Amino acid sequence: MEPSDRSQENAQEVKRPAPALAATSVPAVRGKTLYPSPFAERVTGRLRRRLGEQFGLEHFGVNLTELAPGSASALSHYHTHEDEFIYVVHGSLTLFLDDEAQTLQAGDCYGFKAGNGVAHRLVNESTEPASYIEVGSRSDRDEVVYPYDDLQLVRRADGGWDPLHKDGKPY
């Protein structure tokens, strides 16, 4: 077989990637969360677009997240086996690292090392919506720790999460 014939054969075997798309065209639901009440109310102003899933990414997740004024990204938490990274696209957000706060503006970024024990969350304390890109590794061994709230998320065999009180009782 001639080299040009092989390249045509390989081209037919390769699945073409999805076309580029506008990130804001990815559907999202405002306030969707695994958190039970009363924790769910803290993130009702969060709109998350799961960009990585649009391309079939499996090893890390990529989300475009918008926070309405007064809304939080999550409860203060840290991951045991998952690194996270954020990049502020628009607006102003307050990053809480345990009891310390710092303001992030568009163009700022921050990384959260897995297992460091520092709880984090973002809050939009401004009067305008803010958005950021979040990237996280996907570790099957990961546990999410909520040091300031009576919550633990326990991974099920199917990969989903069950919200429980810290004493193990279901919500």
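This is a predicted model: local features need pLDDT of at least 70, side-chain atom pairs count only at pLDDT 80 or more; totals for chains, interfaces and linings use all residues.
**Ground rules.** I number residues from 1 along each chain as its sequence is written. Local features need pLDDT of at least 70, side-chain atom pairs count only at pLDDT 80 or more, totals for chains, interfaces and linings use all residues, and side-chain values use heavy atoms, without hydrogens and water.

**Entry 1: cavity.** I looked for cavities (on a 1 Å grid over the protein atoms alone, sets of points where a 1.4 Å probe fits but cannot get out). I found one of 30 Å³ or more. The largest cavity has a volume of about 40 Å³, counted as the space filled by probe spheres set on the points, which are joined across faces, edges and corners. Its lining residues (an atom within 4 Å of a point) include Tyr-78, Glu-82, Phe-112 and His-120.

**Entry 2: Ser-76.** I placed Ser-76 in the loop between β2 (60–67) and β3 (78–79); strands are DSSP runs of E, at least two residues, numbered from the N terminus. Is Ser-76 buried or exposed? Ser-76 counts as buried, because its relative accessibility is 8%; buried means under 20% relative accessible area (1.4 Å probe, protein chains only). I also checked its contacts (heavy atoms within 4.5 Å). Leaving aside neighbours within four places in sequence, Ser-76 touches Ala-119, Arg-121 and Tyr-148, among others.

**Entry 3: sheet.** I traced an open, antiparallel sheet of four strands in the order β3-β10-β11-β12. β3 and β12 (161–164) are at the edges with a single partner strand each, so one side of each lacks a neighbour in the sheet. Strands pair if DSSP finds at least two bridges between them. Four bridges join β11 (residues 152–155) to β12. Gln-152 has Leu-164 in β12 as its bridge partner.

Note on methods:
On a 1 Å grid over the protein atoms alone, a cavity is a set of points where a 1.4 Å probe fits but cannot get out, and a pocket is an open set with protein on both sides within 12 Å along at least five of seven lines; lining residues have an atom within 4 Å of a point. Buried means under 20% relative accessible area, exposed over 50%, partly exposed in between (1.4 Å probe, protein chains only).
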